[in-house]
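I set out below what I looked up in this entry, in the order in which I looked it up. The sequence and the coordinates come first.

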Amino acid sequence: MKSVFTAKLDLPDPEGLLKKHNLEKGGLVQQVIDKAVIDYSIPYCPFDTGDLANSPYSATVIGSGEVVYPGPYARYLYYGEVYG
């Protein structure tokens, strides 16, 4: 016996659904995640003057999904290498 079933689902607009729950790019959820990543990574940053640890607050576009530690010295400080 063969059965055929056809259903038409009236789903809401996916973009509207994402926006409704603040999940769109740059939305509230992404902003909270970006800030949490910066906050939770501070104890793992080299902290002489605190410039490197606090630099993502000014260099990162909160909500972009990318945390930026500016300056070429960040890599060298992290790995304990001499810059230059």
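**V67 and its surroundings**

I began with V67, which touches D34, V37, I38, P56 and T60 when residues up to four places away in sequence are not counted; contact here means heavy atoms within 4.5 Å. I note that this is a predicted model, in which local features need pLDDT of at least 70 and side-chain atom pairs count only at pLDDT 80 or more, while totals for chains, interfaces and linings use all residues. Residues are numbered from 1 along each chain as its sequence is written, and side-chain values use heavy atoms, with hydrogens and water left out.

I located V67 in the loop between α4 and α5 (73–79). Helices are DSSP runs of H or I with at least four residues, strands are runs of E with at least two, and both are numbered from the N terminus. V67 is partly exposed, because its relative accessible area is 26%; buried means under 20%, exposed over 50%, and partly exposed in between, with a 1.4 Å probe and protein chains only.

**D34 and the charges**

Is D34 buried or exposed? D34 is buried, yet it has no salt bridge. A salt bridge is a side-chain nitrogen of Lys or Arg within 4 Å of a carboxyl oxygen of Asp or Glu. The nearest side chain of opposite charge to D34 is K25, 10 Å away; Lys and Arg count as positive and Asp and Glu as negative, whereas His and the chain ends are not counted. Leaving aside neighbours within four places in sequence, I found D34 in contact with V61, I62, G63, S64, G65, E66 and V67.

How many salt bridges does the structure hold? I found one. D39 forms a salt bridge with K35, and the closest N and O atoms are 2.9 Å apart. The two residues are four residues apart in helix α2, so about one helical turn separates D39 and K35. D39 is partly exposed, with a relative accessible area of 31%, and K35 is partly exposed at 40%.

**Nonpolar patch**

I then checked the surface for nonpolar side chains. L18, L23, V29, I33 and V37 make a nonpolar surface patch of about 380 Å². Patches are made of residues with over 30% relative accessible area and no salt bridge, with like charges joined within 9 Å and nonpolar side chains (Val, Leu, Ile, Met, Phe, Trp, Tyr) within 5 Å. Which element gives the largest share of the nonpolar patch? Helix α2 (residues 28–41) does, with three residues. V37 is found in this helix, and it counts as partly exposed because its relative accessibility is 43%.

I looked up N22 in the loop between α1 (14–20) and α2. Phi of N22 is near 60°, a positive value in a residue other than glycine. N22 is partly exposed, with a relative accessible area of 31%.

P46 is found in the loop between α2 and α3 (51–54). Not counting residues up to four places away in sequence, P46 touches L52, L77 and Y78. I noted 9.1 Å between the C-alpha atoms of P46 and G80, which are 34 residues apart along the chain. P46 counts as partly exposed at 28% relative accessibility.

A59 has its place in helix α4 (residues 56–59) and touches V68 and P70, again not counting residues up to four places away in sequence. A59 and T49 are ten residues apart in sequence and 17 Å apart in space, C-alpha to C-alpha.

**The protein as a whole**

The protein has five helices and zero strands. Its radius of gyration is 22 Å, whereas a compact globule of 84 residues would have one near 12 Å; the radius is taken over C-alpha atoms, and the globule rule is 2.2 Å times the number of residues to the power 0.38. Along the principal axes, the C-alpha atoms fill a box of roughly 75 × 30 × 20 Å. Buried residues make up 15% of the 84 residues. The accessible surface comes to about 7100 Å², of which 59% belongs to carbon and sulfur atoms; accessible areas come from the Shrake-Rupley method with a 1.4 Å probe, and for residues only the protein chains shown count as cover.
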